[in-house]
Amino acid sequence: MVFVCLMTGSDLLLWAQPTSLPRADTADLSRPAEIPAALIIRDAHSIYWSFFAARYLGFDEVWVAYSHDRVNWSRGLYTGIPVLPGNSFRVRVSEAAIDADWFGPMHPPAERRYYRSSIDTTIWGYTIYKHVLYGDADADGLSDLAEDILWTDPDDPDTDGDGLADGYDNNPLAAPLDSLSREEMLHKAVIENELEALPDARLVIVEQLGDRPISYHRSKGIVLSLSPQACDAYVEAHGYGVPILTCNAAAAAGDRLKASFQFFIAPDDAWGYETTFQWEEEEKELRSVGPIDSWRAEPE
Ligand SMILES: [Ca+2]
Ligand SMILES: [Ca+2]
Ligand SMILES: [Ca+2]
């Protein structure tokens with residue numbers, strides 16, 4: 001698809017089809033070097049704006065980065081502007097704001113695919129003020145707008161108190177624990193295995209095992225550790241389309257533990273498996289011993 005840049009007075013216009021937006025699916029947006037700089041417009045202050053699409057916070061959304069020289073770019077800034085399939089966009093960068101208008105059919109599936117309570121996709125158009133894009137009250141590298149989506153504290157630079165600022169913490173709601181029970185070890189091992197198997201860096205939620213949030217290693221993207229009640233509340237607020245991983249681990253016969261894993265995207269995509277592990281006392285580790293019984297939810 002083709003996009004066109006137009007200048008109208010001090011405003012700059014950009015028309016784009018969603019398919020023409022460069023994507024940053026696998027990028028780590030906390031590192032500026034990963035930002036694709038293919039779709040750029042320059043504003044009245046000679047600042048360059050690069051527009052790209054990313055599912056980093058769960059949905060296909062428009063992100064921007066800015067630069068004074070087209071070489072050194074800011075981190076990606078979250079706009080909250082949805083990339084609606086089948087629609088075309090007009091984006092205007094003016095003195096204080098970025099206006100996005102989208103044009104196209106408003107099929108129910110397109111509305112449903114984007115669940116941010118702050119944006120009504122049945123209305124064509126959205127304005128985001130530049131000061132909102134930059135706004136970072138606690139100076140932790142994560143904008144207030146992104147903190148609203150991640151449920152981190154916009155007034156605390158380190159929500160989970162583990163020494164890593166929210167903007168540089170891939171697991172910002174869970175500090176590492178000093179020691180883990182066997183059940184927690186198994187839960188963590190299964191979850192980390194599945195996190196690495198995910199194809200892109202999109203946001204993932206992990207439902208907490210028991211009453212302690214566990215910190216998970218993931219080489220890309222953000223993981224939120226939430227209690228079961230908070231998972232439900234999150235789906236209500238930000239919606240359908242964000243994967244939720246759960247793994248229950250329970251003692252079985254002898255030194256065996258049973259793990260039940262589930263991958264769920266509201267409203268109806270789910271799959272999972274059950275398997276058995278043996279605790280090896282000498283090696284102090286868990287070894288998979290059981291067959292894997294997997295299942296998938298039938299679409300309605
Ligand atoms: Ca912040
Ligand atoms: Ca914060
Ligand atoms: Ca932290």
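Predicted model: local features only at pLDDT ≥ 70, side-chain atom pairs only at ≥ 80, totals over all residues.

Q: What do they pack against?
A: The buried residues of α4 pack against strands β10 (204–207), β11 (223–226), β12 (244–251), β13 (256–265), β14 (269–280) and β15 (285–288).

Q: And how many residues does α4 have?
A: The helix has 16 residues; from its first C-alpha to its last it reaches 23 Å, close to the 22 Å expected at 1.5 Å a residue.

Q: Turning to the largest nonpolar core, which residues have the most contacts inside it?
A: Those are Phe-52, Trp-63, Cys-247 and Ala-259, in a core of 65 residues. Domain 1 (3–134) and domain 2 (170–296) each contribute at least three residues to this core.

Q: What is Ala-259 in contact with, leaving aside neighbours within four places in sequence?
A: Its contacts include Leu-186 and Val-190, both among the buried residues of α4. Ala-259 is also in contact with Cys-247, Ala-249, Glu-274, Thr-275 and Phe-277.

Q: Why does Asp-162 count as partly exposed?
A: Asp-162 counts as partly exposed because it has 14 C-beta neighbours inside 10 Å, and a residue is buried only at 20 or more and exposed at 12 or fewer.

Q: Which residues does it touch, not counting those up to four places away in sequence?
A: Asp-162 touches Asp-169, Ala-175 and Pro-176. Asp-162 and Pro-172, 10 residues apart in sequence, are 8.7 Å apart in space, C-alpha to C-alpha.

Definitions and conventions. Residues numbered from 1 in each chain as written. Chains lettered and ligands numbered in written order. Contact = placed C-beta atoms within 7 Å. Helix = DSSP H or I, 4+ residues; strand = E, 2+ residues; numbered from the N terminus. Expected span 1.5 Å × (residues − 1). Core = buried A, V, L, I, M, F, W, Y, C linked by C-beta atoms within 7 Å. Domains from an automatic or database assignment.
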